[in-house]
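I set out to record, entry by entry, what I looked up in this structure. The notes begin with the whole and move on to single residues.

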Amino acid sequence: MTTPLDNVTTLKDKIKILDDIKNHTKNLDLQAIYKHIHNIGQDSHELLEHALKINFGNVLRNQGSNDQTEALQVFKKVCETARDLNHICIYVKLIKNNSRQDLQKVYLKELGFQTEKLITEFRKQGTIIQQLRLDTNDITKQRFMIEMITTLCPQDLGFNPELFSLMLIPFKCLHKADPTDISLLERLADVLLSQCNGQGIANQNQVHDWLALLTGIIQYAYEGNSIGLFILLRKIPDQHISELLYRHKYYMLLNYFNNLKVALKIFQGLTFYSITQQSIFFIKTISQFLYEYALEIRSKQYSDILKYIYQEFILTTMLGNIQMVNYSAELIDLLLFYIVGMSSIDQDPFLKSLDLLYARLKQASTFKIFNKEFATQRIQFLLTVAIYYNGLNTDEQYLNVIKIYQITNQLNPHNQYTQWNFSKLIEQQNQIDQNILLRDSKDFVGLENLTNTCFMNSILAKLIHDLVLQKVYQSLQLIPYPSKLSSLQKLFLLLTYQKQGYCSPYELKRQLREPYSNTNDQQDVSEFAHHFLEDLLELLPKHLQIPMEKIFFGYHRSCIECFNCPKRQPAYRPKEKFLGIDLHFNEDEDNQDLYDMIRKAYEKEQIEFTCDKCNQRTDRVFKSQQLIQLPSVLFMIVHRFTFNAATQTMNKMLTKVPFRFQIDFRDIFNQKKLNSKDCIYDLYAFIVHMGKNSYSGHYICYARQLNKPDVWVTFDDTMISNLEYDSDQLDKELIAEETPYLLFYQNQSGQPLIFNN
């Protein structure tokens with residue numbers, strides 16, 4: 001439908017037309033006019049703002065009819081044509097300024113619905129960061145988006161894990177203490193915490209948000225974004241910080257605090273802008289974790305981190321602030337934890353730092369803030385330290401400080417701190433307790449489905465619970481910012497140590513290649529497995545690439561035999577790396593057998609070909625793939641989908657392929673000379689596709705429990721369950737549509753199988 005605006009091209013002329021007809025809109029198609037405004041390109045924002053300021057079409061009711069239903073219907077039709085989030089920002093601003101108070105709530109709710117639609121659309125397009133203006137480090141360019149989010153959320157715009165994580169980005173863009181920006185981020189922080197507290201910290205629906213908030217704070221500390229970090233951290237009560245850190249204790253230690261320089265940088269970032277009660281509590285809790293974990297796994301690595309933090313941070317930054325008043329008790333508690341702890345190991349660093357301590361205490365005694373309580377805490381500190389450090393009681397400066405405070409009451413320091421004993425610790429590379437890895441499936445947690453991501457979850461469930469790969473995960477030295485490697489190990493650590501609920505693979509999904517990173521459409525699980533492992537191999541450090549290749553990748557070469565050539569000598573192409581054996585049905589047989597399907601994959605195929613040797617084009621040529629090496633973990637893909645030209649659809653073959661829980665390649669290829677130790681492979685996991693075609697359905701992973709091979713565990717997104725079946729029972733239990741699609745076999749020897757061709 002045409003509108004009066006279609007007849008002119010310039011912004012000035014369009015504005016004039018709106019002004020001329022603003023009092024004669026009764027017979028106009030308002031939806032069409034606003035659709036035109038939303039879609040004219042770079043002038044749309046200015047034109048929309050003008051239309052709303054003059055309340056064109058009375059879409060923002062501020063007088064007249066009391067019928068909310070009528071007002072909402074008009075507004076709904078108009079805002080449904082909005083095409084970007086800047087349009088939403090303009091609506092929010094004008095609604096708050098111009099519409100009736102009783103209608104603001106329903107207008108904002110309708111805007112929330114439209115915003116969710118746009119966010120979903122931009123996620124699919126992969127443009128959500130640009131649309132939210134988060135691709136810039138200038139917070140002033142993000143201001144309108146933040147205003148929109150803080151207005152619409154959480155009441156009128158449902159948060160999702162991606163949006164929550166994205167809205168943490170503005171906090172790292174604040175580089176100076178601008179009061180306007182701080183006030184804006186304070187409001188955003190309140191919204192994010194409101195979302196976290198929606199059902200309380202213990203509710204699983206909030207676990208992802210709390211963890212995103214916590215890891216965001218740590219990453220900002222590491223990157224030096226101290227002001228944004230300060231805004232977030234000071235709003236979280238100590239009780240929540242404690243519960244969050246204890247819930248994710250091992251995840252934090254193994255991901256962020258397993259490197260002394262990274263740990264130091266995070267602690268420095270937590271206190272750079274301001275030393276708060278929350279930052280002190282955070283540092284003390286993590287320090288306690290480091291001490292306990294060093295003893296738990298007898299790891300010198302973690303005791304070295306404590307020593308490094310003590311010398312480079314505690315005796316400088318923290319000891320230098322002992323005159324602080326607001327959080328003196330918490331600070332002194334942290335100092336005593338380290339100073340008493342280190343007293344049995346090395347007294348020199350602290351004794352060398354005493355001049356700084358005495359100077360700060362003398363300075364504090366001249367301040368107006370000086371009082372008995374202030375002095376008592378610090379005298380208590382000195383008396384406690386004197387118990388552990390020889391000669392401190394006779395130190396002249398120490399005695400002078402005591403006299404300055406002139407405390408009349410008798411102080412009896414109570415020993416509540418532990419001297420550290422790291423003498424029995426060893427160089428420990430294996431950071432994860434093998435008993436944890438071999439735990440029962442009742443302690444497993446699942447993976448959140450991020451809309452049609454069961455294809456990804458089923459592969460991740462298999463890979464993350466794979467003992468062979470766990471050695472690779474543990475050997476990675478990761479940095480605390482997002483990458484495919486760090487995201488994978490973070491997820492591995494969460495699934496390893498989290499004891500309830502489920503984990504979100506959101507961060508990892510965002511790091512994947514297209515189309516997996518942005519689409520919400522179902523994908524083929526075998527294609528995803530290939531792409532994921534190929535990309536992972538390229539990202540691994542060089543020293544891990546060869547072991548990884550041997551685990552998952554085999555080698556074969558093409559063989560061409562021309563029967564026109566006099567000598568009929570086969571021509572071999574260079575060897576190629578492959579991932580998985582493609583299995584196809586034998587159409588001439590009613591009963592399918594896995595051995596026959598494997599043989600079919602490597603049988604000779606007659607083709608028409610121009611021979612390189614005799615230079616003749618002939619159909620007396622046979623091509624085949626010759627196996628050189630099979631990996632220790634072998635994929636097999638049962639190709640069940642065929643293209644139907646008549647219906648232009650992919651049909652699924654439901655033909656049953658009986659399981660073989662053990663296969664012997666000597667029998668398959670009749671090669672008795674193969675190394676008997678490397679020939680036998682055991683089925684240890686498989687993925688089924690439930691559904692009748694490739695465009696829909698659902699993927700589920702079945703895997704043997706590591707400590708109980710007779711127990712099969714089903715990984716169905718967030719749901720984990722056990723099946724105590726033998727091979728025959730398991731084969732019978734699968735319904736017709738629940739067809740095994742991807743099979744995983746592992747060599748009993750743990751080594752690749754090499755063919756002696």
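**Overall surface and content**

I began with the accessible surface of the protein, which comes to about 34,600 Å². Carbon and sulfur atoms hold 47% of that surface. Accessible areas come from the Shrake-Rupley method with a 1.4 Å probe, and for residues only the protein chains shown count as cover.

The model is predicted: local features need pLDDT of at least 70, side-chain atom pairs count only at pLDDT 80 or more, and totals for chains, interfaces and linings use all residues. Residues are numbered from 1 along each chain as its sequence is written, and side-chain values use heavy atoms, with hydrogens and water left out.

I noted 32 helices and 18 strands in the protein. Helices (H or I, at least four residues) and strands (E, at least two) are DSSP runs, numbered from the N terminus. Of the 757 residues, 53% count as buried. Buried means under 20% relative accessible area, exposed over 50%, and partly exposed in between (1.4 Å probe, protein chains only). I then looked up contacts, meaning heavy atoms within 4.5 Å. Among contacts with a separation of 6 or more, 72% are between residues 24 or more positions apart.

**Aromatic pairs**

How many aromatic pairs does a search of the whole structure find? I recorded 36. Rings of Phe, Tyr and Trp (its six-membered ring) pair if their centres lie within 6.5 Å; planes under 30 degrees apart count as stacked, over 60 as edge-to-face and the rest as tilted.

Tyr291 and Trp420 form a stacked pair, with 5.6 Å centre to centre and 25° between the planes. Tyr291 is in helix α16 (residues 277–296), whereas Trp420 is in the loop between α22 (396–405) and α23 (434–437); the two are 129 residues apart. Both Tyr291 and Trp420 are buried.

I next examined Phe641 and Tyr741, an edge-to-face pair at 5.7 Å centre to centre and 70° between the planes. Phe641 lies in strand β10 (residues 641–644) and Tyr741 in strand β17 (residues 738–747), so this pair ties together parts 100 residues apart in sequence. Phe641 counts as buried because its relative accessibility is 16%; Tyr741 counts as buried at 4%.

I also noted a cluster in which ring pairs link Tyr291, Tyr310, Phe337, Tyr338, Trp420 and Phe422.

**Charges over rings**

A charge sits over a ring if NZ of Lys or CZ of Arg is within 6 Å of the ring centre and within 35 degrees of the ring normal. I recorded Arg557 over the face of Tyr572, at 4.0 Å from the ring centre. Lys575 lies over the face of Tyr555, at 4.6 Å from the ring centre.

**Helix α17**

Where is the kink in helix α17 (residues 300–318) centred? I found the kink, about 40°, to be centred on Tyr310. The bend at a residue is the angle between axes fitted to the seven residues ending there and the seven starting there. Tyr310 is one of the buried residues of α17, which also include Gln301, Ile309 and Phe313. The buried residues of α17 pack against α14 (249–256), α15 (260–272), α16, α18 (328–342), α19 (348–352) and α20 (354–365).

I placed His87 in helix α5 (residues 85–98) and found it buried, with a relative accessible area of 0%. Not counting residues up to four places away in sequence, His87 touches His38, Ser44, His45, Leu48 and Ala82.

Leu118 lies in helix α6 (residues 101–125) and is buried, with a relative accessible area of 1%. Leu118 touches Ala82, Arg83, Asp84, Leu85 and Ile88, with residues up to four places away in sequence not counted. Leu118 and Ala82 are 36 residues apart in sequence and 8.6 Å apart in space, C-alpha to C-alpha.

**Backbone entries**

I recorded a cis peptide bond joining Glu514 and Pro515, with omega about 5°. Pro515 is in the loop between α27 (506–511) and α28 (525–539).

Asn55 lies in the loop between α3 (44–53) and α4 (68–79), and its phi is positive, near 50°. Asn58 is found in the loop between α3 and α4 and has a positive phi of about 55°. Is Asn55 buried or exposed? At 14% relative accessibility, Asn55 counts as buried, whereas Asn58 is partly exposed at 27%.
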